[in-house]
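Reader: I am new to this structure and would like to learn how to read its features one at a time. Could we look at it together?

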Amino acid sequence: MNHLARLLFYIFGFGLAWVPWLHGQVPLLVDRVAEVELEDSIQFEWKRAAAEQAQAAGLASLAESIYASLLRTPSAAGMAQSADLKLGLVKALLAQGRFVAARNQLELIPESLRGARYGLYRSIAIYGEGGPRVDVESFRAALETVVEEALQPEDIAWLSFVNGLSAELAGDSAGAQAVFAEAAERAASEMLRLHFESLALRQEIVTGPANESLVADLGARLRSLEGQSAAYPYVREYAVLLSRLGRDAEALGAIDRELANTSAGYGASQREQLRLLKGLILGADSVTGRAALKELIRNGENRDAMGIALQMLARAQDADDDLFEFLRVMISRSERHPLLGQMFYLRSQLALRFPNDPEMMAIAESDARTLLDEFPGLSSITNVYRLLAYGALNREPPQYRTAADFLIQLRDQTEQPGELVVLNSLIGDCYFLNGDFVNAVDFYTAARNRQLPSDQADDLFMRLVTAQVRSGSVEAAMQLIDQADFAGNIRLQDRWRAEWNLAQALQATGAIELALQRVRLLLAESVSGQIETFLDIRLRWLEAHLSLEAAETEGLVERISALLSRLQSLPRDDLEAGELLLLETEIRLLRGDARMRLGDADGGIAELKELRERFGSSAAAQRSYLIEAAYHSTREDLLSAQQTLTSFVELYPQSPLAAQALFEAALYCELRGPDYYSEAIVLHNQLADRYAGDPLYYYARLKQGNLLRSMNDFAGAQIVYENLINRYPTHELRYLAELSRADCLLALAGNQPGELLDAVVQLERLLDLPRLPLDFQAEASFKWAFALQKSGATAKAKEVLSLAVARFLLDGIVAEELGAPGRYWLARSVLTLGEILEAEASVSEARRLYRKMIAYNLPGRQIAVSRVDRLIEID
């Protein structure tokens with residue numbers, strides 16, 4: 001039990017009905033070394049999936065922005081993780097034609113992590129950066145490092161395209177076009193196929209032979225065929241040759257003249273190819289190029305030509321806002337466009353750029369639902385469910401259950417085992433983020449029960465263990481860890497992290513000895529160098545912390561000091577400065593706490609003061625005030641405990657611990673005795689005024705009301721409770737405020753039957769609230785009967801008491817589930833009902849009731865014994 005829990009127990013005592021539940025509800029900040037939460041890891045994976053979907057949809061600039069933001073998160077700190085994200089960023093840059101920026105990112109990837117994707121992307125960057133003078137040697141060297149089997153499925157089509165570039169560099173234009181066509185066929189999506197076709201067209205423009213005599217010959221041939229449909233292949237080749245020679249203006253002029261020539265016998269498809277060629281020459285990164293492509297999409301008929309144009313617009317650099325507006329106009333047209341499904345999909349993706357904009361999120365969700373309803377055959381339709389799920393997760397507040405429902409719909413349409421694993425895991429993530437750890441366990445288990453690649457199995461293992469621990473299934477978590485360790489199918493690092501989570505859960509349940517035993521066993525099995533240094537130090541810190549809690553303190557201060565010396569001997573690295581600072585402050589805090597508890601109060605407090613002076617902004621320095629206050633309380637120096645905490649609040653008013661410190665200060669003040677209740681009320685009021693948004697606000701107001709009652713100010717207490725009820729009508733502990741208000745009504749009513757009516761109604765209504773704890777029901781039932789009896793409704797009081805006794809006493813299972821407060825109130829109900837029965841001369845019933853009370857060993861058992869003896873004599 002931590003020091004705040006102990007305080008609550010001593011302050012509230014056994015007699016107040018709400019004590020047992022308050023212990024578990026106060027959102028304490030626990031003493032532990034902070035880690036990146038699993039929630040952060042899950043959010044990280046969702047964002048990475050969104051980047052990959054944006055990439056697949058052709059929204060390269062959106063993918064770039066997501067990858068760039070991911071690289072700035074703590075979750076991307078690992079080298080392998082960072083390299084993987086950089087490769088995603090590189091791919092997005094390549095899709096935008098930003099080859100120099102892509103090369104720069106590739107250079108940041110360590111040589112040890114430069115695999116097949118690195119070689120593939122580097123070859124593309126070299127080719128694109130070289131323009132007409134490609135560094136062929138470097139290009140081929142990069143391409144030779146690529147092993148097709150090592151590539152991800154979506155990159156294999158890219159390898160085919162790069163092989164086409166290689167053939168083109170070798171002078172085999174016909175072979176290159178054949179390989180480009182193969183790349184388009186191998187594309188994983190319609191959007192990627194269209195992108196390859198646009199790239200192949202672009203390559204046709206920028207490569208191949210070109211000379212002035214050939215241009216002149218084609219020009220003459222074109223003039224001779226003016227106005228005839230046979231002119232089409234010549235004008236197309238003529239424009240291409242002019243562009244190769246850098247004479248883009250002349251090329252565009254030739255195209256525009258042909259498009260304006262209404263006498264030419266071109267079909268619609270040929271005219272659209274010319275418009276597409278114009279857009280290719282101008283480029284989608286230019287305003288005029290985008291205008292040409294938009295014109296083709298607006299008025300075209302050829303689906304492939306329009307699809308290529310739309311993909312070019314999607315991949316244009318820094319033009320997402322322009323595309324979004326164009327899509328808005330096209331979607332709003334009354335005439336249904338052949339690419340309407342793709343437009344809805346692209347707009348939905350673009351709207352997701354603004355997760356905090358309700359209007360944009362509404363557009364994203366509306367477009368996704370339209371796709372499901374009207375375009376079920378779209379090749380990317382399965383991504384729509386993910387879009388909807390991602391949109392739900394990005395709402396404010398996040399709609400985790402809604403996201404899970406969308407993914408469940410997708411799962412129900414999926415048959416591929418690998419995809420089922422991914423979807424069950426994602427659904428588990430949604431429940432995990434929603435705090436529904438029981439359901440999260442079910443879906444993680446369903447995913448893990450299938451045959452998994454090792455990396456997926458490792459991720460699921462950590463998710464499953466964490467969900468089990470948080471759902472309270474600590475035994476199941478221990479069994480999973482032990483089974484996985486015995487089978488040898490988890491990474492050692494994950495085993496250590498899992499034990500870290502488990503140890504903290506065991507400590508929270510009071511099983512400190514078991515937690516300590518497992519941690520010590522893990523450390524004893526470790527071999528130097530197998531575990532990363534920081535994780536090893538963390539576990540050794542935890543072992544020392546648990547040893548202190550278990551009072552196994554022999555040589556403890558020396559072990560902690562040795563751990564600090566080891567940490568301080570490590571080289572200082574900017575990338576690890578935060579981790580070093582965190583561990584050093586936590587170890588110093590633990591050593592100060594240990595010294596105080598082991599009798600070296602001066603040394604311990606001096607350690608805490610040094611921690612505050614040197615590392616004042618650290619979380620450990622702030623928590624040191626709470627630990628010092630707890631020490632003072634164990635020495636019965638409640639004033640010093642209170643002053644330590646109020647000093648902390650003055651120094652750190654914005655600290656996450658400030659509200660808790662004020663709350664504890666008020667509890668210490670109350671412990672000083674009735675003369676200080678008014679001062680305690682002031683402290684609780686300060687908490688309520690300064691930290692109205694803190695979860696402890698509710699508890700501070702409840703304490704204020706309780707203190708006012710202790711001072712016989714029932715009217716003031718009633719106002720406090722009523723304000724709480726009105727301000728938080730759905731609070732999970734509303735029933736506590738309701739019962740306390742009823743107590744005030746009872747006290748203020750005295751023996752006036754008319755005034756007691758409000759209390760009777762209040763208590764009767766209170767028992768209708770859902771999910772009331774059993775102990776609380778026992779208390780409320782007695783007080784309802786008590787109010788009825790005081791108002792003269794003895795028969796009704798007897799009925800209420802009879803129902804309560806029948807439920808709690810005659811049902812052995814329910815009786816055993818009652819806690820100490822519930823047993824106390826049940827005993828009072830039994831004794832009061834017995835008195836009523838005795839008054840009615842129902843002696844045998846009263847005696848039977850008292851014997852039940854004796855059998856269950858309820859509080860007041862001796863009173864029941866004496867009454868049974870007396871009734872036997874009377875009988």
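Reader: How many residues does helix α41 have, and what distance does it reach from its first C-alpha to its last?

Author: Please keep in mind throughout that this is a predicted model. Helix α41, which runs over residues 774-790, has 17 residues and reaches 25 Å from its first C-alpha to its last, and that is close to the 24 Å expected at 1.5 Å a residue.

Reader: Is α41 enclosed by the rest of the structure or exposed?

Author: A residue counts as buried when its relative accessible area is under 20%. In α41, 14 of the 17 residues are buried, so the helix is largely enclosed by the rest of the structure. Just after α41 comes G792, which takes a positive phi of about 95 degrees.

Reader: Which residue has a positive phi although it is not a glycine, and where is its place?

Author: One such case is A551, with a positive phi of about 65 degrees, and its place is in the loop between α29 (533-549) and α30 (556-568). A551 has 59% relative accessibility, so it counts as exposed. N712 is also not a glycine and has a positive phi of about 65 degrees; it lies in the loop between α37 (696-710) and α38 (714-727), and at 59% relative accessibility N712 counts as exposed.

Reader: How should I read salt bridges, and how many does a search of the whole structure find?

Author: The general idea is that side chains of opposite charge can pair when their charged atoms come close. A search of the whole structure finds 53 salt bridges. One of them joins the side chains of D322 and R290 at 3.2 Å, N to O. Because D322 lies in helix α18 (residues 320-332) and R290 in helix α16 (residues 287-299), the pair ties together parts that are 32 residues apart in sequence.

Reader: Are D367 and R347 buried or exposed?

Author: Both D367 and R347 are buried, and their side chains meet in a salt bridge of 2.7 Å, N to O. This pair links distant parts of the chain, with D367 in helix α20 (residues 358-374) and R347 in helix α19 (residues 340-351), 20 residues apart.

How values were computed:
Residues numbered from 1 in each chain as written. Predicted model: local features only at pLDDT ≥ 70, side-chain atom pairs only at ≥ 80, totals over all residues. Heavy atoms only, no water. Helix = DSSP H or I, 4+ residues; strand = E, 2+ residues; numbered from the N terminus. Expected span 1.5 Å × (residues − 1). Buried < 20%, exposed > 50% of the residue type's maximum accessible area, 1.4 Å probe, protein only. Salt bridge = Lys/Arg side-chain N within 4 Å of Asp/Glu carboxyl O.
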